[in-house]
Amino acid sequence: MAYLPACRNILLKQTEEKVPALFALPDRRFVHKQTQGTPSRKRLARTLEPKSNKRGGPSGRLEVAPRTQDPPRASFVRDTVPHEGRDAVSQSRYRTEPLGTRPPSRAERSGTQRALAAQAHTEREERREERRARELKELREAQRAKEKEREKERGRVRRGDGAAGASASNIAVASGSGADLSGTRAGQMLQDELDFSTSVPAARDLPRDFTSPPLMEGLLESVKEALTADARPTPIQALSLKHLFKAPKAVQADGQSQDQWRQYLLASETGSGKSIAYLLPMLQDLKRAELAGPASPSSSSADDDQPPMNPRAIVLAPTHELSRQLAVFAKSLLHNIKLRVVCASRANTPSSAPTRALSRHRSASKMARDFDGVVFDSDPAAAAAAAAAAGAAPESEAEVRRQGSQQARPVDVFVGTPAKMLELSRGRGWNWEERDQKKRAERGLVEEDGEEGATQRKYYAEKPEVGLKNVEWVVVDEADVLFDPDFQESTRRLLADISAARGVPVSFTPGQPLLPDPNTNAHAAKGKDNSSSSTSLEPVSYPFNFVLTSATIPASLAAYLDAAHPALTRLASPNLHHLPRNLRTEYAGWTGGNKNADIERRLRRVWSEDALACYKKQHQVHLSKVLVFCNKRSRVQELAEYLEEKGIKSVALTGVADGRRLGNNHHLDGFMRVKQASAQDDAASSSAPAAAVAASEASSTPASSADVKVTPHVMITTSLLSRGLDFAPDVRHVFIVDEPRNMIDFLHRAGRSGRAGEAGRVVIFNKTQGRGSGRAGQVRKRVGAVAA
Ligand SMILES: Nc1ncnc2c1ncn2[C@@H]1O[C@H](COP(=O)(O)OP(=O)(O)OP(=O)(O)O)[C@@H](O)[C@H]1O
């Protein structure tokens, strides 16, 4: 065997002479190692380091670059950030990214490596966020520049045509800094959903305090009681103080002119105090009128032809929950100036109970009595005096209150949904024939019954309970909902009824859409051509003060207002169509397993953080309340059942929930009362916060887990409760577990927390990896666009 190497050497010698290039290649074994992966430094040194030159010539040198300086190799990684200008499908495609940004593999994640990987991941995320912010800033600047151009163009047009400038002068924006609503980050992305078309210089010289004047003393005191002594007006309230308290010029001149009635739109982000912005001028005006003039005709309730109640103001809201909350809040402002507010809700007037007992119960006067007796009467002495003056012989203090309040004062303000107000003002049953016909047509029963069947049925409407001729103020809260296709007919019908009752009929055609021409609608919805819509819709001038409020002005509503209410004055806060400034946005990725378990984990994390924060501040342990939004009823139920199993008590609320049928807000009270209940529980458990936190850390459950078992700290609902309801300061966390249908929905859901300057957090659950994560990227981008 020893001769073999000698043969090999001879063979090699001969081949080298024939094919010298072959021998320029490295050793075969080395080539093989190279293809296996990057050789370690040590191995590289062993294999590549030049051997000492025995012949004494110049010696080579090996230098190995540090790993970070290695040129990045391309690898395929799923891209979660959508590419600008691509459609949804192509966004989910793979694209190349440097290997350095690839998340570390499972093998790499151990011990310190895992910590380093986590750190690197955070840094990457931060870089990504920065990049996104930069992109959005650029987008915003581009939008601003464009809008300025457009504004210049409009200015040129205005100078040429005086009428064109009229609507722009009716817009006021409260801000110290730039108030260019159109140049928002949202830019083009949200144009279809929200109207950014208002671009005006910021209003100046806005009041910085609630003062008297313009507020009357009693009202000022109540505002300070309801808020705090040093409360300052929010931007929208400052605008209201400046504009809505001014006496109309026409009234000063001739007393009875059409111009006496004003139209306002109050537009500002959620939780910015719009309720006070419209309640204060309205209540003050009602009180002034009462003090100035003779008793209003509404007090003549003894007249048989008069409905028992004739309010001077009506506040419309989309749900009875919001109506109740608004009524209670309005009442809290009336301790000193003594006006009477009544909420029209199903609790007082059950609409689906034909029995005699219940029909007696549902009368409007009984409704006022119930609501007054239970909620409002705060001055029993005055009530007793009034009752005594009226010759009544009250038996109990409650009775004294009721009789006193009822006889001494007519109803001033009615709060309710448009449908309920129509029922009260037209008489119960007014629309049953129409409703039945519609239902039967839907079920295809019209042909079966024929003419005969239809005429056999008799429909009667009961006597109206509420008269509309005294109405001087109408507020449409959540105007974008009340003018959406589902509500607009009832809303406009009621407005037309009030106008007619006040002797100024306005045109209203049942079944007519808000914007009649679909082409016009499409244009208007895109905010492209508002002028064409105005040609197809007649301007309406109502004989009462008309105030609309909303946190979101969709392009369709803006187009309608342009067409039907060209004289409307728009008051807007600079943060309109953005999240409240102190609301933080977080994203939670589904783990890929049980989604309910992911939600539960996040809930417990919130409570653990609360416990820890309380412990650090040496406060009593106080656990946050969390509002969870789903898209479907079935999902609400499913999640509630899961949490119940896991020992977390929750309130599940959907449109068909039993609690809602009663029309009261007890189902909400149960959740909101948690504050007091848990405060008591917390007081009991506060003696050992350290132990509580230690336990929480040990078991990774919240400190007072007994609380969440007993008292509901979680409310699960659909978009039903996303409108107008004020949960401040109880709810600091909102979980959005299903992707909202649109950004309007998102803004309202998220806006249930972070209200009135309180810190809030909205957690958006979505898919961060795998199929469907591209969609999550889109959501992030849109949410980023509305962040304050
Ligand atoms: N000037 C103020 N200072 C402090 N708190 C205020 C002030 N004005 C209103 N608030 C409080 O802010 C909270 C939100 O007010 P409100 O419900 O009127 O907001 P909103 O703008 O109508 O919200 P949404 O659009 O969701 O209906 C309430 O709890 C209210 O008491």
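## A protein and its ligand: a quick briefing

The protein has a mean pLDDT of 71, and 58% of its residues reach 70 or more. Keep in mind that this is a predicted model, with an ipTM of 0.99 and a pTM of 0.68. Let's start with the fold and then visit the ligand.

**The fold**
- You can find 31 helices and 17 strands in the protein.
- Of its 788 residues, 36% count as buried.
- Take the contacts between residues at least 6 apart in sequence: 77% of them join residues at least 24 apart.

**Around the ligand**
- The ligand is surrounded by 20 residues, and the closest are Thr270, Gly273, Lys274, Ser275 and Ala756.
- Sorted by class, this shell has 9 polar, 7 nonpolar and 4 charged residues.
- Helix H9 (residues 274-292) gives the largest share of the shell, with 3 residues.
- The ligand lies between domain 1 (182-246 + 260-291 + 308-345 + 410-435 + 461-510 + 537-574) and domain 2 (583-655 + 708-786), because both domains give residues to the shell around it.

- Strand E9 (residues 473-476) has the highest confidence in the protein, at a mean of 97, whereas strand E1 (residues 74-78) has the lowest, at 33.
- Residues 19-41 have a pLDDT below 50, and this stretch has 7 contacts in the model beyond near neighbours in sequence.
- Over residues 157-169 the pLDDT stays under 50 too, and the model has 6 contacts for them beyond four places in sequence.

Conventions. Residues are numbered from 1 along each chain as its sequence is written. This is a predicted model: local features need pLDDT of at least 70, side-chain atom pairs count only at pLDDT 80 or more; totals for chains, interfaces and linings use all residues. Helices (H or I, at least four residues) and strands (E, at least two) are DSSP runs, numbered from the N terminus. A residue is buried if 20 or more other C-beta atoms lie within 10 Å of its own, exposed if 12 or fewer, and partly exposed in between; C-beta atoms are placed from the backbone. Two residues are in contact if their C-beta atoms, placed from the backbone, lie within 7 Å. A residue is near a molecule or strand if its C-beta atom, placed from the backbone, lies within 6 Å of it. Ala, Val, Leu, Ile, Met, Phe, Trp, Tyr, Cys and Pro count as nonpolar, Asp, Glu, Lys and Arg as charged, and the others, Gly among them, as polar. Domain bounds come from an automatic or database domain assignment. pLDDT is the predictor's confidence in each residue, from 0 to 100.
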